[in-house]
Amino acid sequence: MSAERRGPRLLGVPVGDRSLSWALRAANGRQLGVGVRTYRTEAELAEAVRELIIERAALRCTVGQSEARLWVWTAYLPVRTTRPGAAGAAGPVARSARGYLRRDQCQAGVAGFLAGLQRLGQESRRPGRDDAWPF
């Protein structure tokens with residue numbers, strides 16, 4: 001077994017008939033977060049994932065309770081354009097993969113998601129890294 005692939009993985013996930021999204025999983029397979037938006041093609045998905053990884057320091061995460069009284073988090077990227085129609089891009093980009101019973105558990109889930117993105121960012125800059133999907 002190769003020790004090289006022991007970090008988090010970002011996987012493409014089919015949604016419905018023709019859409020794609022993504023899920024970030026820890027090395028043990030536990031889901032750290034999932035994408036909120038859907039994409040028509042793998043190229044669109046790969047571009048959105050690249051932006052998420054590059055702009056991860058600008059993510060704003062909120063924590064709140066769902067209707068089921070479970071704690072959930074949502075991550076947002078800021079809009080960085082003034083072009084018309086860009087306000088729709090201000091919605092969430094990621095959310096918790098599950099609900100948490102306690103707020104501190106949810107905040108730890110946010111920290112795990114951000115750490116996973118940080119690790120993916122470091123891996124993507126590694127010398128000799130090909131541009132393969134999934135990350």
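**Figure 1. Glutamate 123 is a buried partner in a salt bridge of this predicted model.** Glutamate 123 has a relative accessible area of 8%, and it counts as buried because this value is under 20%. Its salt-bridge partner is arginine 119, and the closest N and O atoms of the two residues lie 3.7 Å apart. Arginine 119, by contrast, is partly exposed, with a relative accessibility of 36%. Both residues belong to helix H2, which spans residues 103-124. Because they are four residues apart in this helix, about one helical turn separates them.

**Figure 2. Arginine 40 and glutamate 44 form a salt bridge.** The closest N and O atoms of this pair are 2.9 Å apart. Arginine 40 has a relative accessible area of 66%, so it is classed as exposed, the cut-off being over 50%. Glutamate 44 is partly exposed, and its relative accessible area is 29%.

**Figure 3. Aspartate 104 is joined to arginine 102 by a salt bridge.** Here the closest N and O atoms are separated by 3.0 Å. Aspartate 104 is partly exposed at 43% relative accessibility. Arginine 102 is likewise partly exposed, with a relative accessible area of 45%.

**Figure 4. The whole structure contains three salt bridges.**

Definitions and conventions:
Residues numbered from 1 in each chain as written. Predicted model: local features only at pLDDT ≥ 70, side-chain atom pairs only at ≥ 80, totals over all residues. Heavy atoms only, no water. Salt bridge = Lys/Arg side-chain N within 4 Å of Asp/Glu carboxyl O. Buried < 20%, exposed > 50% of the residue type's maximum accessible area, 1.4 Å probe, protein only. Helix = DSSP H or I, 4+ residues; strand = E, 2+ residues; numbered from the N terminus.
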